[in-house]
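Take a moment to turn the model around on your screen before reading on. Then let us walk through it together, one part at a time.

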Amino acid sequence: MKLEGIHHITAITADAQSNVDFYAGVMGLRLVKKTVNQDNPTVYHLFFADEKGSAGSDLTFFEFPGVPPGRAGAGDVHRIVWRVGSHQSLDFWEERLAVNGIESDRAGGGLRFADPEGLAHELALVEVGDEPLIADHPEVPADLALRGFHAVCAYSAAPETSQTLLEALEFESIDEGSWEARGSSRGGLYVYESPPEERSRQGAGSVHHVAWASTIDEHEQWRDRAISAGAQPTPVIDRFYFRSIYFREPSGVLFEIATLGPGFTVDEPLEHLGEKLSLPPDYEHLRAEVEPNLRPVINPRS
Ligand code: ZN
């Protein structure tokens, strides 16, 4: 039993439209679902991914309109590392980001930058056999596009306190402070770095949680594993597009374990993903109240 790498990463935005402009416009991802936060259905939950809405490429945002900028500290994921396929890809993104007013840095062989709200990203050249998870975008050639997640980097003052739990979840230690969850089709890394002195403050540009991918069949067993290692997971929650459990790992990072399926085509066809506001069945009766209060979002793709 192994987790199949990163399922999705959820962060916070203060403005859904500029968020869509950046991720679907500049970064070339596909807006694959436009729905509401199931714990607060008055606000958007936006999902960006590859063309098929695959786990492993799915970056999601809760919109809290006007929320002040956050600051990453101990217990936070503070950088998202994406795979790209070539040096030409790094050159392409360096130039494309610059044209769009985003500064970037060549660091450690990759390209680092932050989105307009301060969420940090790195594009990394990674040689791995995993399927590249690519979205179609008229300005981004497929061979230069983002290929899905490689890693999340988290701040921890005491990463050794997380070892027992990570081992129970079958993460493998690959380096000082680096762990890998690699299943039969996909892998993803979890990397600890030393935290800054300033305390964490959640806000725009903050990562809210990272979800690791489980097969549907093994999901309940991961919950038992987490409990056996001292974590306190929630009951299984049906998120309609997948099922989830949540718990905080000892370094303070909020983990989710989410199922690979049923997926985003459960309520709209693949070719029309993300075009209209999707409400899970339990929320459909709220549509008349919820939809008029959400500021319309224009997708640059349409
Ligand atoms: Zn989640």
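In this predicted model, eight strands make up an open sheet with mixed pairing, and their order is β6-β7-β8-β5-β9-β12-β11-β10. The edges of the sheet are formed by β6 and β10, and each of these has a single partner strand, so one side of each is left without a neighbour in the sheet. On average, neighbouring strands of this sheet are turned by 25° against each other, direction ignored. Strands of a sheet pair through backbone hydrogen bonds, either parallel or antiparallel. Look at β7 and β8 for an example: they run antiparallel and are joined by 4 bridges.

Helix α2 lies across β5, β6, β7 and β8, and runs at about 25° to β7. The helix covers residues 87-99, and its 13 residues reach 19 Å from the first C-alpha to the last, close to the 18 Å expected at 1.5 Å a residue. Which residues of α2 are buried? They are Ser89, Leu90, Phe92, Trp93, Arg96 and Leu97. These residues cover an arc of only 160° around the axis, which puts them on the same side of α2. What covers them includes α1, β5, β6, β7 and β8. Turn to the other side of α2 and you will see His87, Gln88, Glu95 and Val99, which are exposed. Just after the helix comes Gly101, with a positive phi of about 80°.

Next, visit strand β13, residues 207-214. How many of its 8 residues are buried? The count is 7, so the strand is mostly covered. Strand β1 (residues 6-13) runs antiparallel to β13, and 5 bridges join the two. Here Ala11 has Val207 in β13 as its bridge partner. Strand β16 (residues 254-262) is also joined to β13 by 5 bridges, but this pair runs parallel. Within it, Trp212 stands opposite Ile257 of β16.

A search of the whole structure finds 19 aromatic pairs. Take Phe48 and Phe61: their ring centres are 6.1 Å apart and their planes stand at 75°, so the pair is edge-to-face. Phe48 belongs to strand β3 and Phe61 to strand β4, so this pair ties together parts that are 13 residues apart in sequence. Are these two residues buried or exposed? Both Phe48 and Phe61 are buried.

Finally, look at a few backbone details. Most residues other than glycine have a negative phi, and most peptide bonds are trans. Glu170 has a positive phi, near 65°, and sits in the loop between α3 and β10. With 27% relative accessibility, Glu170 counts as partly exposed. Phe240 also has a positive phi, near 75°, and is found in the loop between β14 and β15. Your last stop is a cis peptide bond between Gly261 and Pro262, with omega at about 10°. Pro262 brings you back to strand β16, where this residue is found.

Technical notes
Residues numbered from 1 in each chain as written. Predicted model: local features only at pLDDT ≥ 70, side-chain atom pairs only at ≥ 80, totals over all residues. Heavy atoms only, no water. Expected span 1.5 Å × (residues − 1). Buried < 20%, exposed > 50% of the residue type's maximum accessible area, 1.4 Å probe, protein only. Arc of directions from axis to C-beta. Contact = heavy atoms within 4.5 Å. Phe/Tyr/Trp six-rings, centres within 6.5 Å; stacked < 30°, edge-to-face > 60°. Pairing = 2+ DSSP bridges. Axes fitted to C-alpha atoms, helices over the stretch in contact; angles between N-to-C directions.
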